[in-house]
Amino acid sequence: MSGLLGKLSPSKRVTSNNDLPLFYVNQTSMEPQRCPRDTPRVSVTFAELLMNVEDARNDQSTTRRTLEMASPITSSASSFDTWTSAPASSLSSSPFVLSFNDLTYSVKSQKRFNPLACYGKSRNGSSVNTKILLNSISGEAHEGEMMAVLGASGSGKSTLIDALANRIAKDSLKGSITLNGEVLESRLQKVISAYVMQDDLLFPMLTVEETLMFSAEFRLPRSLSKKKKKARVQALIDQLGLRNAAKTVIGDEGHRGVSGGERRRVSIGIDIIHDPIILFLDEPTSGLDSTSAYMVIKVLQRIAQSGSIVIMSIHQPSYRIMGLLDKLIFLSRGNTVYSGSPTHLPQFFSEFEHPIPENENKTEFALDLIRELENSAEGTKTLVEFHKQWRAKQAPSYNNRNTNVTLKEAITASISRGKLVSGATNNTSNLTTSFQTFANPFWIEMIVIGKRAILNSRRQPELLAMRLGAVMVTGIILATMFTNLDNSPKGVQERLGFFAFAMSTTFYTCAEAIPVFLQERYIFMRETAYNAYRRSSYVLSQSIISIPALIFLSASFAATTFWAVGLAGGSSGFLFFYLTILASFWAGSSFVTFLSGVVSNVMLGFTVVVAILAYFLLFSGFFISRDRIPLYWIWFHYLSLVKYPYEGVLQNEFEDPTKCFVRGVQIFDNSPLGQVSEAMKLTLLKSMSGVLGINVTAETCVTTGIDILKQQGITDISKWNCLWITVAWGFFFRVLFYFTLLIGSKNKRR
């Protein structure tokens, strides 16, 4: 069969038995070139083209060739001839029709009380104003068509797209949304549709090809081989016109990358990798020049023609873009003022007694007129009413286009042609259960998330270097400040100060983790909104990949300070000190990660972290021992993350009962008597011995390490339990982080 297709010249068209052109193959670009709209044509999905890219590349007889498939075809020449001569209607897929009727959505906002306004009163006395964002919006979008929602800022464009894309809570949205006459369930819609946000939410240090490949690994099922996933990505790169930028990083303010138009096409590509039936886009041309905007819409036209429904909001399309659109909906303050084909715009406004001048841009004229009416006393009420009457007259022609194909039949036909490759099965007796919620098992998701995070980290080594530098500088300062501490009363105080500062430093240096998730927050929300991966996979993967860096930082800090300060315990003491530092880094990193899921601003996050860590240090037992903390604050002492590693390293240092820290005359060191001569101190000791009845000499051990622990109130938890509690705090905050993502990343309007 490939040999037969290879004989087709770049300009030769495949025709039906009625000698009407269907499509032709461009061997140079490897893309099917569509014939004019008024001719029958074969509906070839992107997935079908893509599944055969690999076969075309393996054909050594031709350099670049694409196989077109629209129904089961054998490799024989007779089968190919039969297919190319079949009527177009028999080859086209079962059509999809997305219908929405009387969509209404309103929000309540509180305002200051105004006695002249008729608002409802809330319990606190402020007035409550109900603002209608969508008011009885209806329409239809068909397979192979692009529908654009237009209007001024605040007209409700994005709200309508969100409503259709199931991004508004069902309790808040009134009306119905159906696909082929059947109500779309949320789980099914996540599988068969995709949503492209207005902002380009991409990892700046990944290349275009890597970005699309990671999307393929998330959205395409495990049953699809790595080779086929790569072929799918390569075909998508060609379809999006990104071949020259495939190896270029996305870039950001600090790194030069792809252009704005290319970024937008990449954003579209990551959401259509699984070949969805419905594609929603929120202002895909926003911020682009006219050429880039036209290229983006041209790409969307190809996607629609491959068998998808494309619905987008757009601010003010150019004349060339208007020529690509199939349907328009104009909104004004939540009301429909026009819906229909762009070709009917002149007739509509002519009947409204505001004819469009011959050389005037139709959309610009319509939008300007709508703005003028909005600023008038009556507003757009007359235009809204006129549109209802005009639509009523047009209703018969639109009703004739309704499909009689059930949703089950249409999806079955799409699956057989290669669409919906994100885990679809051939068993469509129950549409909701015939699709997997996630394309891959959680361990595959964890591997892909981890691989992406590691690649990002490798492209930004300065981040780890800065954190290592901060830890090493702190360690060197501590090592040189507390060098070779002796076993004297002053040495004891210096040890306490060293441990308190060292343990708190490990937590403070974890604050740099705040921007990490905040930068990924909206990428995470976009990817999980349509079940690219599980939230649990993200949390587990991020937790695991953070451990190697923590191990390295802990070893660097412990090795820099332990022997230089002269801490006790030898090798076993160093091991416990190192494990405690590691546990502190783990708990601190988990705590900061949890807070980054709660707050949404970097500066606010740093402020909260610094304040809470300061409270943790205050109640750790260093400034005031546990026995001296008031009862009404003792609960905070046990919640302090610094308490447990601090008590653990103190026990590691002072647990030896044979080690003495205060001998004989040293008991006077922290008193005014510490300034008297050595002979006077010995005399005072003899006097004390006579009074106490105990012989106290200059070498008598007065205070051991156990005594110091008792003075500090560290008697209730062993050092190993302190270590395990610190580790448990880390796991606890990771679980809280998961629930934060579960609750706070629904990405739906209320």
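These legends accompany close-up views of a predicted model.

**View 1. A disulfide joins Cys660 and Cys701.** Let's start with the cysteine link: the sulfur atoms of Cys660 and Cys701 sit 2.3 Å apart. This bond bridges distant parts of the chain, with Cys660 in strand β15 (residues 660-663) and Cys701 in strand β16 (residues 701-704), 41 residues apart. The link is right-handed, with 110° about the S-S bond. The count for the model comes to 1 disulfide.

View 2. Cys701, at 34% relative accessibility, counts as partly exposed. Look also at Cys510, which is buried with a relative accessible area of 0%, and at Cys722, which is buried at 1%.

**View 3. Helix α11 along its length.** Helix α11 covers residues 290-305, a run of 16 residues. At 1.5 Å a residue, α11 should span 22 Å, and the 22 Å between its end C-alpha atoms agrees with that. Buried residues in α11 include Val296, Ile297, Val299, Leu300, Ile303 and Ala304. As a reminder, an α-helix has 3.6 residues a turn, so residues three or four places apart point the same way.

View 4. What caps the N-terminal end of α11? Asp289 does, with a side-chain oxygen 3.1 Å from the backbone nitrogen of Thr291. After the helix comes Gly307, whose phi is positive, near 115°.

Notes:
Residues numbered from 1 in each chain as written. Predicted model: local features only at pLDDT ≥ 70, side-chain atom pairs only at ≥ 80, totals over all residues. Heavy atoms only, no water. Disulfide = S-S within 2.5 Å. Helix = DSSP H or I, 4+ residues; strand = E, 2+ residues; numbered from the N terminus. Buried < 20%, exposed > 50% of the residue type's maximum accessible area, 1.4 Å probe, protein only. Expected span 1.5 Å × (residues − 1). Polar contact = N/O pair within 3.5 Å; in protein donor to acceptor, adjacent residues only side chain to side chain.
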